Structure formats: C-alpha cells, structure tokens
Amino acid sequence: MVEGVFVKLPSFPFLNPAVSPSSPNCRLGFRRFSASLSAVVKEGSVSLGHSTRPDFPILHQEVNGSKLVYLDNAATSQKPTAVLKALQNYYETYNSNVHRGIHYLSAKATDEYELARKKVAAFINASDSTEIVFTRNATEAINLVAYSWGLSNLRPGSEIILSIAEHHSAIVPWQTIAQKTGAILRFVSLDENEVPDVEELRGMISERTELVVVHHVSNVLGSVLPIEDIVIWAHAVGAKVLVDACQSVPHMVVDVQGLDADFLVASSHKMCGPTGVGFLFGKSNLLLDMPPFLGGGEMISDVFLDHSTYAEPPSRFEAGTPAIGEAIGLGAAIDYLSGIGMQKIHDYEMELANYLYEKLCSVPNIRIYGPKPSDNIHRAALCSFNVENIHPTDLATFLDQQHGVAIRSGHHCAQPLHRHLGVNASARASLHFYNTREDVDEFIRSLDDTVSFFNSFK
Amino acid sequence: MEAFVGIDTNLERSRSDLPFKSIPAATHLFSRWFDSSPLTCALKHQRKMALHSFSSARFCTSKFPICFHLSKPSKFPLFSHRSISFEKIPTKSPPPLRSSSTQLQPMEELPPKLQEIIKLFQSVEEPKAKYEQLMFYGKNLNPLDTQFKTKENKVEGCVSQVWVRAYLDEDKNVFYQADSDSVLTKGLAALLVNGLSGRPAQEILRVPPDFAVLLGLQQSLTPSRNNGFLNMLKLMQRKALELLIEAEKGNGAYGNGQVVTDNSEKPVENSNSDSNVDENSGVRLSSQKSNEDNSSGLGSRGMRIKEKLERELSPIELEVEDVSYQHAGHAGVRGSDGETHFNVRIVSKEFEGKSLVKRHRLIYGLLDEELQTGLHALSLVAKTPSEVEAK
C-alpha cells in the first residue's frame, strides 16, 4: 500500500508512480519487494521518514555547526511530541500514586497506568495484560527472570543456551545465576553468514536444556533469528525460551502468541518511549509459579512481622512505586507507533536498511558485520562496521565534530561477539523510521570525507 | 575577585535634574543614598548601604543585591536616561604564603613544553587543523615496545586501547612512552608525552586536569568515564607519583642517581599504588611525612638550613621543603645549582615575645650565608609553641 502525497516540486518531473524503478545497483542480488514504494520514494512522494520528522523536535538542531544526523537509534530512540505531551500532561493534571489511593487523582493515575499495561499487552499480542510486568528496562526484566525463575528452576547441570552475539544484559545475569545454581552456560557461535548458527543451536538443545536465551534482532549484526523455530525445538525438550526483543519490538510486528515465547523483554526508550521503564512478558502459568524478585510495597498481600504473603502477578514483581508517568508515556508511544502501523514502519525500515547497506558497501576498505541482505536474509536497519586502518572511535569523533553525524563506536555491549570477530570495537549506524534516505546520503558523504582525512595521514 | 565600581561623572550634576519628589518611595531611598558619601568604592559603599536602615521593606527584600541595582537601569524609570557605567576592577587575591616571587598565572605553572603545545593549539583555530596537528604529534610519537603493553600500563575507561609507560632518568625526571590504536587518542597521548616528559614528578603532579580546556579540543572535555584524555593524564600522574615514592623509598638522599625503570624486577606500578592519589598533594608529600623523614628530598643547602635552624633555635617542629622546581626558569634561579626556593615552617620558643618581623629577621640572619650564595627566597611560617597549641 502506498501512502504519500505527491508534491509538485520543480526538481521532480516524474509524478507517475507507474514508472518502472531504476535499480542500477542490484549487485547484491536481491529484489526489493517494495519496489514500487521505492520508486515513489525516489520520485517525490513523502516518505515515512519525512512525514514523521516534524513529530520529533530534537532532530531539528545543529551540533558542532552542522545539522544533526542522528544515527544511534539502537542505543536509544527519539520521542515524538505525543509522548512528551503525555508525560507533561500526567505530571500537570493527574500525577498521583497508583493502586491504593481512594481519591480522584489516584484513581485516574491508576486507570492510565493499567491502561498503559493493556496497550503493551495488545502491542505484542499477549493474551492478557497480567502477563506484562513493568520493570525499569529490559536489563532489569532479564534479571527478574534470572533471579526469580532461574533460582527456583535451575539445578546443577541444567543447561542454558545463549549465542555469543547476545547483549551483555542477556549474558551477565545468567553467569551469576549459573554460579549460584550450578547451571552451565553454552554458547552458539556464528555461521558463515555471520549470523548465530541456528543449526548448531538446534543441535545443542537436549533434555538438560532448561532455558534458551536469544535475541530477536541483533544490535550489532542486524540479523533476525527464527524465534518460532527455536521455540518449537526448545519446547520439545521442555525448555523455556527468553527472547530479547529490544531491537525488534520498536521496528517490526512482534506477536508473542505467534512466537509462543515464554518470556520476552523490551525497553521503552528504544521504542520512542521514555527512559526508566521497560517490560517483561511472561506466560501466565510461568509467572504464577515464580517467587518475587524485589520485595517491598505494592507486591505484597499481607505483611506480618515474621512473614508476608505476596500478590498475584504482575503486581508480585512490581515492588515499590513504579515509574507511573513513564509507563503512561510508553503507552503514548505505543499509540503513536500503532497509529503509523508497525508493518509500515517495518517495510520502510527494510528499504532504508538495504539502502544503507548498499551505500556503505561503496566505502573503500570497509568491513560490515553481519549477513548480506538477500531474499531469505533480512537485515535490520543498522550496520556495524570497521574501516581498515582507522579506529572506529576516530571515525565517530570526526563524524560528530565535523559533520554532526551521531553514530556509536565501541563494543555495543557485545564484547564476546567482538572478540569472536577479532576486533576491539566497531562503529555502528542505526536507523529508525524517522530517518530518511537523505540522512543516509549525508552519513555516507561525511564518512567518505572522514575516511579520506584519516587516510591522508597514513 | 572583582569589585564593581560605579562611575558616574554626571552624578552630581544630574541629581537635581531628576524628579525625585514625583516618584514613589523607592526613589526617596535613592536620594538618601546620593546624599551620603561620594560614589568612590561602590563595594565598600554597598556594604554600608546594606547596613543603612532603609525604611522601605520593599527595597531590602529586592531580588537584586544593591550593587546590581544600578546595572539594571530599566527596572527603575529613574535611571532611564542616566548613564552609569560599571567597570570591573580586578582585585588581587591575597598572595599565597609559599613564595615571594610574583603570582603566577595558571598557564605558567605548567611544564614549559606543555605550555608550548597549548600555545600551538590555541593558535590553530580551525578544528580540522587541530585534528591534523594532533595526528601529527601522534605520528611522531616514539613507538612503545610490545612488552610494555601490559594491563598495568593500560588506560582505563578508554574506548580505544591506550598504553602508557613511565620511567625515571638519572636526574629523577619522569619520562613517558605511549601508544594507541586510535590515531586521535595517540595524538592526545603524544601531546601528554611530549608535554610532560623530562620534568620532575612533583611538577607533573601539579598539572590540573582542566588545562585541557586551553587546548580547545572539545573531545577532551566530556567528563564521561570514557574520557580517555583525562584518564591518560591521571594514569601518567599516578605513575609519576609511584616512581617518586619508589625513588624516595629506595634511598633517602637526593641526587643519588638511582634510576628506576620498568625493567626492574619489582614492577614500579605495583608498589604502593594507592587509588587515593591526590595529584595536587604531590607537592605536600614531603611535608606530610614526619619530621624525621623530612631530610629525604633535601639537597646540601636544604640540609644546611635545617641544621642551622635546629642548632640555633632548638625548634620543637621544623619543616624545610625545597620548592625550587616551581621556579625553574625564573630569573633568580638561573645560574644556581637549583636549591633556590624553600618553604620553612618552624615552631620554637625562641620566637616568644618577638613580632613577626623580628622572627623573620632572626631566621634570615641565621641563614645569611645561604642567602649570599644562591638561596633566593624563603617562605616562612614561624610560630611559638603556645601559638600552635592554642589552635
């Protein structure tokens, strides 16, 4: 479906969308499935990036004397005014502590907070909002599973399967729990496409496996894992699956029932919501059996001096006053994203992803990590890369100082992965639906300039 | 410290022009103000004014301190057509106790080569050219042998890898070598290596981290934990301190020619490396030690000074500190053997009944010979035992 406004600009003489797309650079051998969309995008209609940009005031500024080009969305996303307004409105009109209050403000705050929970549940197609636990972020959500589910379900010899490409937040808590319980961590390596080896993973799953922890979309490689298949293999041996969906929920349709995931985590700040809130999705039967993680107010039923009884999930796992305003802000972000449509966002970002990859390939001596996009292999709209003989920090610094382009350099919280790739650090450009082709063009132009600058010094 | 001095030459003349009477209470207060002592030192004046019993509570609770009132003429229609201009007069902060030489600007306290480098960077305006300059430094940095790329030599909190090695030469000056896989970081490291090498440890320890501001390199300024530049400097200073402690431990007397290198069996970095390094207290190191240890670090003149004072004044406390390095390059120092400036703290009964001037004269008299033969300046703290106890 093509949505767009045809703008009568003098520089775009073609207004007929039926014109066949000129795709000269098909050297990568893939077909753009939304070819007509790309033609329209090229020829003067307003792309999603352009139409949504006005909603993000932060993007319209200069840094270091150049227009800001924000390409660090995998680290955190920007927030639309709708979310900012929701936050402000909360604090201005009905801020109050939730759940126990009797008065009007408290009732309203509670309603909105629980409504936000319902929105999250609907957004990922959970069967019930009680399956959504609000946490501080995805990291806390993983820790919750580790300390609550892990400590009571893992035994010496239990196996937890992860990939070497996991984010530190998905690795470190399990290292701690493995130490405490005697469980063993097993890691899946990368295959020849530089994607976690799914076959190897399948082979690793055995009766000893209790848990599989995998990312949905890799924040370094840009690869997407076949979660449905992994879940099927895991469930066949009675193992659970924890999906790290931080890079997928903001960019594509995620259906926890369709995936049949046992646990799923995501952070609000990566999906246009405020920082300070994230969530854990857990199947009802699992959450019901789990002991509390943090203890305190809100998560109790009755408190005596020598013992307490605990509330039902999700309250059981939400100790203390939650980030009420932020959760409501997350709800507003979900409204905003749903208003656009996650499928539309995904389609547009696929476009951008391919465009970014293509253009990056043109930079001499560049090494992009992760799979090559093709018919079967889709990449997320991010690229981690290194340019030969130039340190990624130098690139990032120069891009920022001289061109206002914001990318990230470092290990992206994936040191084991970088060790495997044989590098200390990489640079990463990551896009979101409010980025445009022009952003990519500007990035590439600046990168070329940066590379020549450093090369001229060799 | 600055004093605001209001200069209004039209004051006398225009006073009568103003319609005081027709303007409500606030201006009535101003007429009283004008009638009082002439407008010379506004600061002193304003303190006086604050003590004046102004009848209007409104004035006393005004948001602006009195001295700023006059700088916002729009607030009061009274001043709309008057021109009171304020001039900032820099007042000298009280001279530090230590030295009798002129007060140094922060820049001049830095090691000379570092000053040169800073001046160079300041003269290069365009950011791109600054980077080129930085990379030029990095390119010409002496390579660091792989054996020195150890964990102890690695700069923490750096996104790129940076190693720094430090060693002393015969004159107890610290020399550095460094390397990095990032050219910009290498440039920064080279900058520090070139700027700090060959200087005594105490001087290096006195380099304040915010000197980086003078370079005009924005990336060195972010205070995040990944600020490699600050961490580099910290590591270099820590290593200098460690070397200093090692050297002083190794053999007390100054100038013994002991060289401590990384090739020694005991790695310098592991000895006494305390994370509580206060770089700025490196200077105070010798004075913080007990008096018995104070002889370490003093050369022959320092020893003579000490002996004489001990003999003649029988002090209950005596600290003699050689601070000549702070004045290296100073006119009075040239041509001497380096022991030119000392801090002396002495507590003795002999000072009882004597004024400060008399006490100092007494000491100068005792050290007259030294003063004739190259001792350039003494910074004295002379107290009696009862004065010290009274604190």
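Reader: What makes the contact of A:Arg117 and A:Glu114 a salt bridge?
Author: The side chains of A:Arg117 and A:Glu114 meet with 2.8 Å from N to O. The cut-off is 4 Å, so the pair qualifies. One word of caution: this is a predicted model.

Reader: Where in chain A do A:Arg117 and A:Glu114 lie?
Author: Both are in helix H4, which covers residues 104-123. They sit 3 residues apart, about one turn of the helix.

Reader: What makes A:Lys119 and A:Asp335 a salt bridge?
Author: Their N to O distance is 2.7 Å, and that is within the 4 Å limit. A:Lys119 belongs to helix H4 and A:Asp335 to helix H11 (residues 324-340), so this pair ties together parts of chain A that are 216 residues apart in sequence. A:Asp335 is partly exposed, at 40%.

Reader: Why does the pair of A:Arg428 and A:Asp72 count as a salt bridge?
Author: The closest N and O atoms are 3.8 Å apart, and the rule asks for within 4 Å, so the pair passes. A:Arg428 is in strand E17 and A:Asp72 in the loop between strand E3 (69-70) and helix H3 (81-94), so the bridge joins parts 356 residues apart in sequence. Against the 20% cut-off, A:Arg428 at 2% is buried, and so is A:Asp72 at 8%.

Reader: Which residues are linked with A:Arg428 in a network of salt bridges?
Author: The network links A:Arg428 with A:Asp72 and A:Arg408. A:Arg408 is also the bridge partner of A:Arg428 in E17(A).

Reader: How do you know that E16(A) and E17(A) pair?
Author: Pairing takes at least two bridges, and these strands have 3, so they pair, in the antiparallel sense. They belong to an open sheet of 4 strands in the order E13-E14-E17-E16.

Reader: Why do strand E13 and strand E16 of chain A stand at the edges?
Author: Strand E13 (366-368) and strand E16 (408-410) each have a single partner strand, so one side of each is left without a neighbour in the sheet. From one strand to the next, the twist averages 30°.

Reader: How many aromatic pairs are there over all chains?
Author: The count comes to 17.

Reader: Why is the pair of A:Phe56 and A:Tyr434 called tilted?
Author: The centres are 4.4 Å apart, within the 6.5 Å limit, so the rings pair. A:Phe56 and A:Tyr434 are 378 residues apart in the chain, and both are buried. Together with A:Tyr336 and A:Phe433 they form one aromatic cluster.

Reader: What makes A:Phe453 and A:Phe454 an edge-to-face pair?
Author: With 5.4 Å between centres the rings pair, and 80° between the planes is over 60, so they are edge-to-face. A:Phe453 is buried at 5%, and A:Phe454 is buried at 1%.

Terms used. Residues numbered from 1 in each chain as written. Chains lettered and ligands numbered in written order. Predicted model: local features only at pLDDT ≥ 70, side-chain atom pairs only at ≥ 80, totals over all residues. Heavy atoms only, no water. Phe/Tyr/Trp six-rings, centres within 6.5 Å; stacked < 30°, edge-to-face > 60°. Buried < 20%, exposed > 50% of the residue type's maximum accessible area, 1.4 Å probe, protein only. Axes fitted to C-alpha atoms, helices over the stretch in contact; angles between N-to-C directions.
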